[in-house]
Each structure stands twice: as C-alpha cells, then as structure tokens.
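Thanks for coming. I will go through one structure today, a few places at a time. Please have it open while I talk.

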Amino acid sequence: MSVHFCGDPHLGHRNIAKFRPFVDSTEHNTTLFLDSWHKTIRKNDIVYFMGDAAFDKESLDLIGNLRARKILIKGNHDDMVSSIDQAAVFEEIHGMLKYKGMWLVHAPLHPDEIRGRKGVVHGHVHNKSIMKKTWYGTKVLDKRYFNTCVDVIYPKTKSMFVSLDDIKTYFG
C-alpha cells in the first residue's frame with residue numbers, strides 16, 4: 001500500500017484549457033487524470049485529494065469508479081457538487097487533518113499555526129510557492145510548505161500524484 005496526494009485536479013472544470021495545456025475538460029480528465037491514475041495508483045493505495053477535486057457530478061463519478069481508497073480535504077471549489085454525492089465517493093472528508101506529523105489542508109496555513117508539525121501539505125495556490133522574507137529582506141522558498149497542486153507536480157513528473165515518501169523526503 002502506498003499513499004499519494006493530488007492537489008487541485010479541477011476535474012470537469014469547463015474552462016480548464018485556459019489554465020492548463022489541454023484542449024478541453026474531457027481531454028484534461030482523460031490525459032492528465034486517468035492516465036496518471038492508471039500509471040501510479042494501485043488497488044490498496046490511499047489517495048488524498050487536497051481540494052478542488054471535481055466541478056461536476058460526472059467528474060465526481062469518474063473518481064468514484066477508480067480503484068483505491070480516496071480521502072478528500074475540502075477546497076474552496078468543492079461546493080460545486082453536493083456533500084452527499086462526495087460522501088458516496090470519498091471514504092473520508094475533512095476540512096483539515098493532522099497526518100504523520102504534518103497538516104493536510106487545501107489552503108496553506110499561517111506559519112504561526114504550524115505549531116511543531118513537520119510542515120503543511122496543501123494545494124490551492126496552483127503554480128505559486130509560499131515564500132518567506134529573510135532577515136535581510138529577500139524572499140526565499142518557505143520549506144515548511146509542500147504544494148501538491150497539479151500545476152506544480154505534473155510539469156516535473158508527468159503525473160498528477162506525489163507520494164508520501166517524496167513529501168517525507170522534502171520535509172526531512
């Protein structure tokens with residue numbers, strides 16, 4: 001069994017081609033999501049969706065028909081389909097979750113809220129990174145945050161998913 005994370009897949013988003021290199025929502029769902037799923041995810045795996053999973057019932061059903069255990073960390077766009085329909089697809093649904101010494105959230109937490117955790121695993125910011133100012137005023141990557149957004153992960157790996165092992169390695 002492996003654990004994987006997927007942030008902001010935006011399945012069924014009608015205008016996704018404006019933001020990602022696909023012709024339309026159907027190609028996005030098929031090329032990006034299904035191909036990645038079948039190459040990466042196995043029957044006994046767990047997949048954490050880090051928010052903004054499905055924009056319509058058809059895309060939610062697509063997720064529901066795939067192998068693996070699925071857990072949703074609710075995002076700001078996860079109100080596009082009913083919670084009742086989501087409960088039929090996801091084994092668990094959370095607003096935020098403490099997991100293996102980390103916070104799992106959709107939108108990044110304020111640094112003061114990390115409180116002794118290894119870091120924050122999040123989505124929401126798409127291809128942006130959480131930065132912090134150094135004492136001399138320049139901005140550097142804040143290593144307390146791991147962005148699982150498809151917009152960051154897919155260009156690097158040609159997969160929508162990042163493994164728990166990769167995230168543990170990142171946090172050290």
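This is a predicted model: local features need pLDDT of at least 70, side-chain atom pairs count only at pLDDT 80 or more; totals for chains, interfaces and linings use all residues.

Residues are numbered from 1 along each chain as its sequence is written, and side-chain values use heavy atoms, with hydrogens and water left out.

First, the cores. A nonpolar core here is a set of buried Ala, Val, Leu, Ile, Met, Phe, Trp, Tyr and Cys residues joined through side-chain atoms within 4.5 Å. Buried means under 20% relative accessible area, exposed over 50%, and partly exposed in between, with a 1.4 Å probe and protein chains only. The largest nonpolar core has 23 residues, and Phe33, Trp37, Phe49, Ile63, Phe90 and Phe161 have the most contacts inside it. At least two residues of this core come from each of α1, β2, α2 and α4. Helices (H or I, at least four residues) and strands (E, at least two) are DSSP runs, numbered from the N terminus. The most is given by α1, with four residues.

Take phenylalanine 49. Leaving aside neighbours within four places in sequence, its contacts (heavy atoms within 4.5 Å) include Cys6, Phe33, Trp37, Ile63 and Phe90. Another core, of 18 residues, lies apart from the largest one, and Met50, Ile71, Ile73 and Met102 are among its members.

Next, the cysteines. How many disulfides does a search of the whole structure find? Zero, a disulfide being a pair of cysteine sulfur atoms within 2.5 Å. For cysteine 6, the nearest cysteine sulfur is that of cysteine 149, 9.2 Å away. Cysteine 6 is buried, at 0% relative accessible area, and cysteine 149 is also buried, at 0%.

Now the backbone. Most residues other than glycine have a negative phi. Aspartate 8, in the loop between β1 (3-6) and α1 (25-40), has a positive phi of about 55°. Aspartate 52, in the loop between β2 (46-49) and α2 (57-64), has a positive phi near 55°. Aspartate 8 is buried at 0% relative accessibility, and aspartate 52 is buried at 1%.

Last, serine 159. Where is it? In the loop between α4 (150-157) and β11 (162-163). Serine 159 counts as buried because its relative accessible area is 10%. A polar atom of its side chain lies 3.1 Å from the backbone nitrogen of phenylalanine 161. Not counting residues up to four places away in sequence, serine 159 touches Ser36, Thr40, Ile153 and Tyr154.

Conventions. A polar contact is a pair of N or O atoms within 3.5 Å; within protein, one must be able to donate a hydrogen and the other to accept it, and residues adjacent in sequence count only if both atoms are side-chain atoms.
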